[in-house]
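Hi everyone, thanks for coming. Let me put the chain up on the screen, and then we can walk through it together.

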Amino acid sequence: MQIGPRLRELRRSKSLTLKKLSQLSGVDPGTISRIETGKMTGTLKSHVDLTRAMDVNMSELYGDLGNGKERDAVTVQSPESRQDVYLHTAGKSSMTVLTTDILKKQMMPVFITIDPGGETQWEQTGSGTEKFVLQLEGNMEVFVNGTAYVLGPQQTIYFDASLKHHFRNIGKKRARCVCVTSPPAL
């Protein structure tokens, strides 16, 4: 169950209008409406303020959130079933998404392959996005905000993905790495 429908259910069970709940909680009525309709989740503070105003426990708001998620809790994917493969730079680099329903996940793991002389496209995501890279094979440069970092096998880099960045193979053999972006950004 999502927070929105549960919040609406609790509010209505207390015979409260959006306006009245807003007055009691100090949370803007537009925010309450957006939470109830699933357009936003709200903050922990807004949830605390709303539950206090309705004289209910947080567990009453969150109690059923985990139910029904078990079938989505684990995703197993074989190499043959991966369909999200993106080619860049005239076929010299590729990115394969390593899970399904990526926009429903909290992180986006991808497998990146870069041929000698190849590179990925420049990227820059929204604020609050991070990347972690584990170099598996070959050597590459990771350019982040104008600085080049050289990675060899088993080396890692972690950076703020809102900074302009891209990867380039600087070796004579294919470079392969696993890159995880959180939250997912395409």
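Let's begin with a pair of strands: strand 3 and strand 9 (residues 175-182) run antiparallel and are joined by seven bridges. Before going on, a word on where this comes from: the model is predicted, so local features need pLDDT of at least 70 and side-chain atom pairs count only at pLDDT 80 or more, while totals for chains, interfaces and linings use all residues. Residues are numbered from 1 along each chain as its sequence is written, and side-chain values use heavy atoms, with hydrogens and water left out.

Helices (H or I, at least four residues) and strands (E, at least two) are DSSP runs, numbered from the N terminus. Two strands pair if DSSP finds at least two bridges between them.

Back to strand 3. How many residues of strand 3 are buried? Six of the seven, in a strand that spans residues 108-114 and is mostly covered. By buried I mean under 20% relative accessible area; exposed is over 50%, and partly exposed is in between, with a 1.4 Å probe and protein chains only.

Now the wider view. The chain has five helices and nine strands, and along the sequence the pattern reads α-α-α-α-α-β-β-β-β-β-β-β-β-β. Of its 186 residues, 36% count as buried. The chain exposes about 11100 Å², and carbon and sulfur atoms supply 51% of that; accessible areas come from the Shrake-Rupley method with a 1.4 Å probe, and for residues only the protein chains shown count as cover. Contacts, meaning heavy atoms within 4.5 Å, reach along the sequence as well: among those between residues at least 6 apart, 60% join residues at least 24 apart.

On to the helices. Please look at helix 4, residues 44-54, where S46, H47, D49, L50, T51, A53 and M54 are buried. What do these buried residues pack against? Their neighbours are helix 1 (3-13), helix 2 (18-25), helix 3 (29-36) and helix 5 (58-62).

Take helix 2 as one of those neighbours. Its axis and that of helix 4 come within 8 Å and cross at roughly 105°. Axes here are lines fitted to C-alpha atoms, for helices over the stretch in contact, and angles run from 0 to 180 degrees between N-to-C directions. Helix 2 and helix 4 are therefore roughly perpendicular to each other: that label covers 65 to 115 degrees, with under 35 roughly parallel, over 145 roughly antiparallel and the rest oblique. L21, L24 and S25 of helix 2 meet D49, L50, A53 and M54 of helix 4 in this contact. By class, that makes five nonpolar, one polar and one charged residues. The classes put Ala, Val, Leu, Ile, Met, Phe, Trp, Tyr, Cys and Pro in nonpolar, Asp, Glu, Lys and Arg in charged, and the others, Gly among them, in polar.

Next, some backbone details. Most residues other than glycine have a negative phi, and most peptide bonds are trans. S15, in the loop between helix 1 and helix 2, has a positive phi near 55°. Is S15 buried or exposed? S15 is exposed, with a relative accessible area of 67%. D55, in the loop between helix 4 and helix 5, has a positive phi near 60°, and D55 is exposed as well, at 68%. Then there is P183, in the segment after strand 9: a cis peptide bond joins S182 and P183, with omega about -10°.

P183 also turns up around T129, which touches F159, D160, A161, S162, T181, S182, P183 and A185, leaving out residues up to four places away in sequence. T129 is found in the loop between strand 3 and strand 4 (130-137) and counts as buried at 6% relative accessibility. T129 and D160 are 31 residues apart in sequence, yet their C-alpha atoms are 6.3 Å apart.

One last stop: an open sheet of three strands, in the order 6-5-8, with antiparallel pairing. Strand 6 (147-151) and strand 8 (165-169) are the edge strands, each pairing on one side only. Strand 5 (residues 140-144) and strand 6 share five bridges, and E141 stands opposite V150 in strand 6. That's my tour, thank you!
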